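This report describes how two protein chains meet in one model. The sequence and structure come first, and the text follows.

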4 protein chains.
Amino acid sequence: MKRIAVFTSGGDAPGMNAAVRAVVRAATGKGIEVVGIMRGFQGMIEGDMRLLGPRDVANTIQRGGTILLTARSKDFRNPEGRAKAAEQLKKWDIDGVVCVGGDGSFHGAHYLHEEHGIKVVGLPGTIDNDLYGTDYTIGYFTAVDTALDCIDKLRDTGASHERIFVVEVMGRHAGFIALDVGIASGAEEVLIPEHPMPIEEVIQTLKESEAKGKKSSFIIVAEGYPGGGQGVQDAIEGAGFESRLTILGHVQRGGSPKAEDRILASRLGEAAVCALQDGKSDVMLGVTNHEISFTPLADTWEKRKDVNAHLRSCVKTLSV
Amino acid sequence: MKRIAVFTSGGDAPGMNAAVRAVVRAATGKGIEVVGIMRGFQGMIEGDMRLLGPRDVANTIQRGGTILLTARSKDFRNPEGRAKAAEQLKKWDIDGVVCVGGDGSFHGAHYLHEEHGIKVVGLPGTIDNDLYGTDYTIGYFTAVDTALDCIDKLRDTGASHERIFVVEVMGRHAGFIALDVGIASGAEEVLIPEHPMPIEEVIQTLKESEAKGKKSSFIIVAEGYPGGGQGVQDAIEGAGFESRLTILGHVQRGGSPKAEDRILASRLGEAAVCALQDGKSDVMLGVTNHEISFTPLADTWEKRKDVNAHLRSCVKTLSV
Amino acid sequence: MKRIAVFTSGGDAPGMNAAVRAVVRAATGKGIEVVGIMRGFQGMIEGDMRLLGPRDVANTIQRGGTILLTARSKDFRNPEGRAKAAEQLKKWDIDGVVCVGGDGSFHGAHYLHEEHGIKVVGLPGTIDNDLYGTDYTIGYFTAVDTALDCIDKLRDTGASHERIFVVEVMGRHAGFIALDVGIASGAEEVLIPEHPMPIEEVIQTLKESEAKGKKSSFIIVAEGYPGGGQGVQDAIEGAGFESRLTILGHVQRGGSPKAEDRILASRLGEAAVCALQDGKSDVMLGVTNHEISFTPLADTWEKRKDVNAHLRSCVKTLSV
Amino acid sequence: MKRIAVFTSGGDAPGMNAAVRAVVRAATGKGIEVVGIMRGFQGMIEGDMRLLGPRDVANTIQRGGTILLTARSKDFRNPEGRAKAAEQLKKWDIDGVVCVGGDGSFHGAHYLHEEHGIKVVGLPGTIDNDLYGTDYTIGYFTAVDTALDCIDKLRDTGASHERIFVVEVMGRHAGFIALDVGIASGAEEVLIPEHPMPIEEVIQTLKESEAKGKKSSFIIVAEGYPGGGQGVQDAIEGAGFESRLTILGHVQRGGSPKAEDRILASRLGEAAVCALQDGKSDVMLGVTNHEISFTPLADTWEKRKDVNAHLRSCVKTLSV
């Protein structure tokens, strides 16, 4: 193996730069060249690439976002687009590809392997942590701490005004962020798409809290919960509870990555180079019980991992 | 003077606790007792008060929100409510009152002075900085840095995806936060209620940026700008620019106060005790050109201070 | 079981309050009363205790330090002191005890079990992560991110001045913090007590970096590495490399706990109450591969866990 | 004026990049080219320069350190070195120079004006705030908040262990940081070089605090106070008080600049271009009472500004 490529795809996540840096540094140490592909699959099709040396990724480990940029690509959805991409990779003499992204991006990577025999490994880069085959995804820890930091600030106001706050956090299909943030902020309720508690129960809890004299309450809502944060606010206001809604939004995507995300990204980036050297392809690398693990790319969108059951049970127990 | 009272009123702001702490400590050092009134004017009417010693305010200087809580009071809007409040103050042998809040709260404080001859001084406590008679208000510095921190995170995503972000910050009547945050984040446009730039100009700027190849743009909108953040997004999307809207909301009110807010609050709290001792009443204390200044309470809602003209001109100059 | 006690002991760690809160809330939900013992074993001997209800721990989950305080106790080192402590626990009708601390504190807890038949469980509360029987300890994640945040700041100066920085982080007996921080900050070398690299190798690396034109380098030193940060600086200056030494010190102990520490503490606090109900004693609760695990207290000081081997190998690979 | 140069010099300070960015953007908007000089005076002598366009400074406003690097230059201390520097400036057709740094750097800039008739203006870039002619210096606000953040963390431990902490902050010749941080952290004593309180008074205060039952105390020491932090610790331990010493060190120089530093730097950068256009030279630009002010460079090292007297008096008043 003489030259590999790396790119980031889908929504950006803090730690993506740490992953790219690790790929570049690990490969360089083994005498392998690295090509950075700009703007995901779209840049692959257009041949928007450049060689990356160890100095090109210096001082990037602490940066949010992705220096390789990311973009949606309509062209890659049809076989002609993908053929063009494969052609570019051949033109650049690329022997293997590292794709950092979520399951949508892995779908694309899988096609490169299937249709064009290109060796490709995936690294889980998404703040949502909703990927089967890894305990955590790159960006998840930072997103949780960012959301928590915001809620800690809201709590100052909530406590001062004795108010109910509804806070919508990211997670279109998964409640990982909501659950972690809910436990860590001491929220009264956590509403997630996987186990959608009926809104009537939420209202019941608020009534009980009111009866107990609790005047400030937090309800954390994953965006994928039916109706989202807005729906929840509408329902509880309908039941007579005044509340404030905050939608944290894209703030959760950014910021300098926390240590855990940088470490995860660094380990996975290093392991990705080894995996390509070992001839692996069509797999996602993850960390499972502290060790590097491999999962067929298809499993990442066909199988689901669930939130921790103990954590779920703790929400109720700890908000008495 | 043997005993004074202190309370916080209106929206909470980071640094209110530092002000209360300074009042308690400065008064205690002079042999004056301090009574803390809970929940603003409503607690004053209800006699919800307690003596505060120096240890009661230990470890509060770094806390957001207000340990004295704050609430709206309908009762205080009519003379009977205010008479009850005045009665409570007399019952508690209170010789002077320190009110930490915004111009709405100062209105109430002014009535106590006018209708019941109670000595009262105001301290500017609001994140919006929209009070005549002081260069800065308690909470303003923290709100600006909190908003900036969020926008720095959005920028990671904005730069990675080459997107336009519309960000609404607080400021119902004033653009201080928006302008400071706009300069500090390097925003392309800052839209404020005092000098409302026509939306057509904003669209023109976006077109020019596009022509220059600038792909990521930030537009900071004070909530008091006509239409708010939502109105701006609608308008620019109508002109063909895809964008993301983030409404920062109540997050800006909370958090541990920054040094500048704690220092401002500490100085003002200390000076408030001296002012009451000197027989001052019906005035707000502020800091003007680094020195303590006094302004009739009525001026704080009748007069206006404008944003810095040099700063305004810098927005255009620095976003080329 | 009608009443249990909880205390914090040894060095304070961020998340201790979250653990105490979880014990109080989980017990209350089961109809068990909770007594908080102040100042660790010393307060136990002196009977410095008080009942804690759910509201007493409200708004503590985000606070650093420990609301129960902590102190060293000479008296507890001899049997008479421990007999007094046991007497106090009986006087207060305490059926079980939760001890949050490190292995030194668990030693004391073990004696209470051995000598006085008191049911006692330990929760791992130390920033060093050097406890056998749990993947992570309460406070560890926060300490790592605090140290990393400081090093990110030093890097700004290091990069601007093209300098070598030696940074000593906490870890008297273990290199967990140093290794995580080293990977996450992209340090050139990480020196830890468990696998002490000879200082000659460090100097060799600096020479190679210099030859490659790398002008800013970071060397992370655990305080338990022979000679500590000062020893390392002396050695490399002796070899002709100018450098700056920063000893991060106690800053690493404080701060609002990160999400991961709050979650770990919340889970362990809840599980501790269940464990005491189940009749468990003389064990430490931990989290191993995401599930609650139990380890005899004696194992926590007799056995050792090692740092992750993959991580260690990554230091060299990623700093080319 | 067709082309100007900008460089950073002396210790780096957060906000230097914002100043460079403002110079580049403001000049470009007026049709003036900007050359960035690398590594301060040394790079000037060596001709280590490059043209900077608006895109070269994109995404730098939030970065700590200085993208232009900084270094000490022995060569510039003698007339030959300065002659070479002047020659390089002529070779590059530079009509005016902006120097961002402290009084040492301004000394150098002054020589360029005196000896070689080069138009040069200074911008105050130092975390210490010890420059006559401006209310604040670029980097000061960030350094204060960084130090405060560290002390807030130490306080968690100080309060939990009931300990005395001695904290040394930056300020070789000035107590601005120490005083601001002392007030903002609620410290018991603040020791600064300008008004050096005898150590006996400090010990007296500790004895009084002890008598009042205050168990956790903070003493903030500017590094320029006689003996520094170490001297203070030695003295109070000699008087029988156990304490912990923390030297914050270079951490205070780094980090993403706070809003106030970015705004100050942006205004000054813009104004520097206007000043050069107006034919000004040998002056430092500052902000005095919110407006741009001009001060002869020589005044910056010959005159002194003092700390705020009201603030000083507040230390004692507020730590009762």
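A salt bridge is a side-chain nitrogen of Lys or Arg within 4 Å of a carboxyl oxygen of Asp or Glu. In this predicted model, the side chains of Asp152(C) and Arg262(A) form such a bridge, at 2.7 Å from N to O. Between chain A and chain C the count of salt bridges is two. Polar contacts join 17 residue pairs between chain A and chain C, with both residues at pLDDT 80 or more.

Several elements of chain A give two or more residues to the side that touches chain C. They are listed here with their residue ranges.

| Element of chain A | Residues |
|---|---|
| helix H1 | 16-29 |
| helix H5 | 140-161 |
| helix H6 | 176-185 |
| helix H9 | 259-277 |
| strand E11 | 291-296 |
| helix H11 | 309-318 |

By residue type, this side of chain A holds 18 nonpolar, twelve polar and 15 charged residues.

The next point is symmetry. Chain A is superposed on chain C by a rotation of 180° with 0.0 Å of shift along its axis, and the RMSD is 0.0 Å. The two copies are therefore related as by a two-fold rotation axis. Within chain A, Asn289(A) has the C-alpha nearest the axis, 2.6 Å from it. Both copies use the same surface, as 100% of the contact residues of chain A recur in chain C.

As for extent, the contact takes 45 residues from chain A and 45 residues from chain C. The interface size is often given as the accessible area lost when the parts come together. Between chain A and chain C, about 4000 Å² is buried, and carbon and sulfur atoms give 55% of this area.

How values were computed: Residues numbered from 1 in each chain as written. Chains lettered and ligands numbered in written order. Predicted model: local features only at pLDDT ≥ 70, side-chain atom pairs only at ≥ 80, totals over all residues. Heavy atoms only, no water. Least-squares fit on C-alpha atoms with pLDDT ≥ 70 in both. Contact = heavy atoms within 4.5 Å. Buried area = accessible area lost by both parts, 1.4 Å probe. Polar contact = N/O pair within 3.5 Å; in protein donor to acceptor, adjacent residues only side chain to side chain. Helix = DSSP H or I, 4+ residues; strand = E, 2+ residues; numbered from the N terminus. Nonpolar A, V, L, I, M, F, W, Y, C, P; charged D, E, K, R; others polar.
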